[in-house]
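Hi,

Here is the structure I said I would pass on.

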Number of protein chains: 2
Amino acid sequence: MPLLVVGSVALDSVETPTETRDNLLGGSAVYFSFAASFFTPVRLVGVVGDDWPAEHTQLLQTRRIDTAGLEVVPGAKTFRWRGKYFQNMNDRETLEVELNVMHDFSPVVPEEFRRCRYLFLANGCPSTQMKVLHQVPGADLVLADTMDLWIRTQQDQLLDLFKRIDGLVLNDSEAKLLTGEENLVRAGHKVREMGPRFVVIKKGEHGAMFFSKHETYVLPAFPTLQVVDPTGAGDSFAGGMMGYLAEQGNFEPKTLKEAMAYGILVASFTVEDFSLDRLKKINREDLRHRMDQYKKMLSF
Amino acid sequence: MPLLVVGSVALDSVETPTETRDNLLGGSAVYFSFAASFFTPVRLVGVVGDDWPAEHTQLLQTRRIDTAGLEVVPGAKTFRWRGKYFQNMNDRETLEVELNVMHDFSPVVPEEFRRCRYLFLANGCPSTQMKVLHQVPGADLVLADTMDLWIRTQQDQLLDLFKRIDGLVLNDSEAKLLTGEENLVRAGHKVREMGPRFVVIKKGEHGAMFFSKHETYVLPAFPTLQVVDPTGAGDSFAGGMMGYLAEQGNFEPKTLKEAMAYGILVASFTVEDFSLDRLKKINREDLRHRMDQYKKMLSF
């Protein structure tokens with residue numbers, strides 16, 4: 001089943017303790033799409049400037065990613081993000097953001113995309129996320145991501161959005177910020193009580209937690225020796241998770257847990273190199289192999 | 001199979017963000033013994049002063065804990081620790097340490113304990129740990145714990161010890177300090193290359209990781225809503241783990257993984273109240289029930 005994603009498309013500059021790379025293909029919708037495309041066809045909606053290299057669009061098109069919703073604004077520049085990772089590779093600092101075309105991004109979902117039944121609202125301004133939601137009224141499953149900025153500056157709009165979505169994906173520090181709870185189990189349930197039917201808290205190198213009315217669980221990250229660049233791990237997680245749900249065509253509790261495991265595994269590949277470099281080199285069979293290792297690791 | 005533990009016996013004062021408690025029964029050997037006693041008889045070696053309440057010894061004796069090795073030094077005071085937990089309940093600050101009888105603790109293992117085949121060297125000065133090891137020459141399985149202080153001040157003695165033990169249990173920050181590695185998977189293997197046949201890295205609320213030559217795995221913590229006092233979680237983890245190994249009478253890879261899971265579950269109860277208060281109220285059946293929930297959580 002095709003999956004629709006609306007979010008940022010970016011050119012990133014990333015500084016790690018050992019290396020700096022500029023002009024990398026990035027953005028939440030890009031990582032999400034690529035990760036989801038292991039499982040299902042994807043429809044991408046985003047915006048770029050005319051500095052956007054055509055080869056990036058071509059790369060996405062070699063996957064099952066429909067870029068008809070990728071608007072190119074002439075005379076404008078693509079969204080740019082520059083960040084620096086600390087020694088622990090888990091914490092980072094944003095050094096520079098150039099919003100450029102994202103400044104007044106008001107996504108228009110192409111007519112042919114509006115019948116998608118699975119929708120992901122990647123991190124963005126909650127009022128924009130809400131506008132997208134209104135354009136896809138028949139969606140069966142809507143997941144959204146958010147960030148600290150919106151929790152601090154647009155909490156009312158965010159809370160409105162929560163009442164309209166099925167699932168929310170956010171990271172541990174955001175869940176704590178939103179609820180004032182330091183215990184993540186309490187925080188997860190408190191976020192769920194704000195509206196979403198289920199909540200996923202991403203814990204970076206420590207995995208992810210799931211909360212619904214009847215279920216609470218934690219799955220660990222896949223232990224990887226090689227963490228080169230964590231950028232996009234969260235979006236790849238969401239893409240792997242929701243891609244699998246769309247492929248399976250249901251979001252029963254059993255499918256949701258498998259999906260979360262696939263999200264964790266796709267993200268474990270993402271961090272093994274810069275940008276999409278690692279994901280470009282793997283296929284569904286590699287994911288299946290890592291899933292076997294992961295399941296073995298968790299059974300005793 | 002009986003299990004021997006040598007380590008601290010303490011009176012703790014604990015400050016959490018919501019409550020302060022003084023004169024709590026504590027110490028690494030106490031938490032370890034109590035946790036292990038769900039599974040196997042325990043022989044405890046430690047030292048206290050004459051301020052030590054007899055009821056604490058009686059409590060231990062109601063379990064399968066032989067306190068013949070608990071020396072009471074007349075005219076001296078018991079080891080005391082005072083600590084304060086931060087809002088996140090994971091980080092803490094030591095406010096005060098009174099070594100008292102621990103200052104010149106030179107453990108003598110009673111003759112009748114020296115034939116124990118399972119030995120745990122709780123956190124302590126590595127040269128003292130080595131002296132204990134020499135008194136139990138026939139041990140089949142020796143596990144040890146350590147702390148940042150010894151890594152900083154007695155690293156040579158610690159490295160000597162590593163060559164003589166089977167397993168080392170330490171926490172994430174200690175593993176990073178010891179190896180200079182921020183990636184815990186690398187850190188775990190580096191520690192293992194220093195001598196122990198296997199290494200367990202405790203990650204507090206994020207569970208624990210296991211490293212042997214042929215295996216690397218992570219198990220998450222049990223998600224608990226109620227974290228009242230994390231003191232002793234690490235020692236209860238080790239006690240649950242090693243108690244289960246002693247009960248099973250082997251340390252095959254399969255048993256080690258089950259044991260690590262039991263360690264995680266015992267620790268998940270420990271943190272639900274101050275001191276041993278929660279552990280006093282549960283039994284092996286409660287552990288089995290939580291194990292069922294835990295296994296269900298990890299299967300998909």
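Strands here are DSSP runs of E with at least two residues, helices are runs of H or I with at least four, and both are numbered from the N terminus.

Before you go further: this is a predicted model, so local features need pLDDT of at least 70 and side-chain atom pairs count only at pLDDT 80 or more, while totals for chains, interfaces and linings use all residues. Residues are numbered from 1 along each chain as its sequence is written, chains are lettered from A and ligands numbered from 1 in the order in which they are written, and side-chain values use heavy atoms, with hydrogens and water left out.

Back to strand 1 of chain A. It runs parallel to strand 8 of chain A, joined by 4 bridges, and A:V5 stands opposite A:F120 there. Strand 1 is also parallel to strand 4 (residues 42–49) of chain A, again through 4 bridges, with A:V5 opposite A:L44. For two strands to pair, DSSP has to find at least two bridges between them.

Helix 3 (residues 126–135) of chain A is mostly covered, with 7 of its 10 residues buried. Among them are A:M130, A:V132 and A:L133. The cover includes strand 1, strand 8 and helix 5 (155–162) of chain A.

**Rings**

There are 19 aromatic pairs over all chains. Rings of Phe, Tyr and Trp (its six-membered ring) pair if their centres lie within 6.5 Å; planes under 30 degrees apart are stacked, over 60 edge-to-face, and the rest tilted. Two to look at:

- A:Y118 and A:F251 have ring centres 6.1 Å apart and planes at 70°, so they are edge-to-face. This pair links distant parts of the chain, 133 residues apart: A:Y118 is in strand 8 and A:F251 in the loop between helix 8 and helix 9 of chain A. A:Y118 is buried at 1% relative accessibility, while A:F251 is partly exposed at 26%.
- B:F210 and B:Y217 have ring centres 4.7 Å apart and planes at 10°, so this pair is stacked. B:F210 is buried at 2%, and B:Y217 is buried at 1%.

Two arginines in chain B also sit over rings (CZ of Arg, or NZ for Lys, within 6 Å of the ring centre and within 35 degrees of the ring normal). B:R63 has its charged end 4.2 Å from the centre of the B:F34 ring, and B:R290 lies over the face of B:F269 at 3.7 Å.

**The core**

Which residues touch the most other members of the largest nonpolar core? They are A:Y294 and B:Y294, in a core of 204 residues. Such a core is a set of buried Ala, Val, Leu, Ile, Met, Phe, Trp, Tyr and Cys residues joined through side-chain atoms within 4.5 Å. Leaving aside neighbours within four places in sequence, A:Y294 has contacts (heavy atoms within 4.5 Å) that include A:F222, A:I264 and, from chain B, B:F300.

**A sheet in chain B**

Chain B has an open sheet of 4 strands with mixed pairing, in the order 3-2-6-7. Its edge strands are strand 3 (20–26) and strand 7 (92–98), each pairing on one side only. Strand 6 (residues 79–85) runs antiparallel to strand 7 through 6 bridges, and B:R82 stands opposite B:E96.

Cheers

Methods:
Buried means under 20% relative accessible area, exposed over 50%, partly exposed in between (1.4 Å probe, protein chains only).
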